[in-house]
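Here is a short briefing to read alongside the model. Shall we start with the open space and then move on to the packing?

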Amino acid sequence: MNIGTKILAALLLLASTCAFADAPAVRAWLDRDTIRVGETVTLNVEAKAGVGAQPDFSVLKQDFNLLGTQASQQLSIVNGASESKTLWAVGLEPKHEGPLTIPAFTVGSATTSPLQLTVLAQPAGTQGRAGDDVFLEVDAQPDAPYVQQQVRYTVKLYYAFDLTDGNLAEPQVDGLAVQRLGQDKSYIATVGARRYHVIERHYALTPERSGPIEIPSLTFRGSALDVGDPTGFFSRGRAVGARSDAVPLNVRPRPSEWTDAAWLPAQSLLLKDESELPAEVHVGDPVTRTIRLQAQGLGYEQLPELALGTPEGAEVYPDRTETRTRDDGEWLYGERIRKFAFVPNRPGTLTIPGLTLRWWNTAENRAETAELPAHTIHVLPATGAAVASTPSTNTATTAPDSEAARSVSPVVAGSARPTSIQRWRLLAIAGFTLWLATLALWWWMWRRRSSSRREDERAVAMVDVSAQRAAFLRACSLGEFAGAERALVAWARHERTDVRNVGELSARLADEAQRDALADLQRVRYAGASADGVATRLQAAFKNGIEWRDAPMRRAVEPALPSLYPEHS
């Protein structure tokens, strides 16, 4: 084992040791925090091995009947470090209704935190009464919801004997969307002087219209084992049944002060930016913003589509939206996640737009606003872009002077004392030479301006091509085929201005792999073909540029560098 491996192993051991050290030595929790009189609840106390002996649960007798205590031990090994824990589970039956406090327990030198338990009275009007063999209890909260607000509907089946089979009807209501939540819960409860087995089931009901809506009664049909029948174990048993009460709802319309198009009545709402946006990028470098929207009490279908505007100086390529709806047994949690790729196409300041969303807080009964701020990024010129060069002035300015010197010097040398004709000839030659020098200077300045303009156009064209190429590759990596097609056509138009669509581009390509990749792209977009591997083939086919079949009539962009071997070009 080398030194680096030893150091890594030591760090992992230290991290696992710290993780165990940070874990609490003892903790306590309840399996439910709200029950009714006659129902049972389980108190769990967990402690590390060696911390101390079983705590004294007798302090609970003032408010609870103790139904027995079970102890178990658990051994876990993480990264070679072992840890043993002891768990005590105590069955509790409250003696009265109201808020009850589970006091703190001391195990060795460690102490748990106090716990709160709410005990509700048994509902009046339930069809199950003391002495009944089976009955149903239902509850809907809230009973005056807003339209599209989740109603938590709870169904409890009580039975005082063993069932051989049974069928509990599902709620079906015109004007309500019904969704079952989580798994059924089973426990023991006492109603009156009789103990029952209880099956508890939860639903999410979503009103689709305002006004009064009644949840009809539910029915249960089953068979009970008759202990008085000696052949009852092998028979179907006697038929039993029960029916619940109907529950009225008064569904309220959206508040009159609500003027926004999207109506979002939620228990809570989260609008979060899950990306780390940079402070500066280069032209053509994509910047991705990932936005998560999550609402408690709504399905993802009720959430608005996430959209960001196109900022000045950049192209935006939105990814497909990821959606899901989950639940925790009582609440729906709708979620939308979407990525936006921004590709800057010019230097300067780029403002990634923010997002504002209004929603109705059903817990507080008021309108609130969730907001993501805009983000400003400094955009630098593209890496490797051509820079306009300034021609040297030495050669251009000295050439006319040298020519003038060669023209004048023979005349001057021909005679030491020139005649008047010779003087006029000398003056004419000098004037003609000055005219040539002026013409050469004007030609040089025109060439300089033209060269500078061409270099600027070349640099802008290169930046545009680089940005479109980066946008194409980015859209492929996101699996956004519509954006990939737009970026590829824009890239092609910089090299062949008469290309207008993918069909014309495919007809002009010389490379068969590129034509096949475009055919796959069109089948995915317009024929519903599978998208597996298409994005990878597109990136690989066009990674080194577009292979054209024909030469352009006039090149849109000249080479940024001169040929290394001009005689072979």
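The largest pocket has a volume of about 470 Å³. A pocket here is an open set of points on a 1 Å grid over the protein atoms alone, with protein on both sides within 12 Å along at least five of seven lines, and lining residues have an atom within 4 Å of a point. Grid points are joined across faces, edges and corners, and a volume is the space filled by probe spheres set on the points.

This is a predicted model, in which local features need pLDDT of at least 70 and side-chain atom pairs count only at pLDDT 80 or more, while totals for chains, interfaces and linings use all residues. Residues are numbered from 1 along each chain as its sequence is written, and side-chain values use heavy atoms, with hydrogens and water left out.

**Pocket lining**
- The largest pocket is lined by 19 residues, and those nearest its centre are Thr 34, Thr 154, Glu 200, His 202 and Glu 330.
- By class, this lining has 12 charged, four polar and three nonpolar residues; Asp, Glu, Lys and Arg count as charged, Ala, Val, Leu, Ile, Met, Phe, Trp, Tyr, Cys and Pro as nonpolar, and the others, Gly among them, as polar.
- Strand β10 gives the most to the lining of the largest pocket, with four residues; strands are DSSP runs of E with at least two residues, helices runs of H or I with at least four, numbered from the N terminus.

**Cavity**
- The count comes to one cavity of 30 Å³ or more, a cavity being a set of points where a 1.4 Å probe fits but cannot get out.
- About 40 Å³ of space lies in the largest cavity, and its lining includes Glu 312, Arg 346 and Val 379.
- Strand β26 (residues 348-352) gives the most to that lining, with three residues.

- Helix α7 (residues 534-542) has Val 534, Ala 535, Leu 538, Ala 541 and Phe 542 as its buried residues, buried meaning under 20% relative accessible area and exposed over 50% (1.4 Å probe, protein chains only).
- Seen down the axis of α7, these buried residues fall within an arc of 130°, so they line one face of the helix; the arc is that of the directions from the helix axis to the C-beta atoms.
- The face of α7 turned away from its buried side carries the exposed Thr 536 and Ala 540.
- Leu 538 and Phe 542 are among the residues that touch the most other members of the 32-residue largest nonpolar core, a core being a set of buried Ala, Val, Leu, Ile, Met, Phe, Trp, Tyr and Cys residues joined through side-chain atoms within 4.5 Å.
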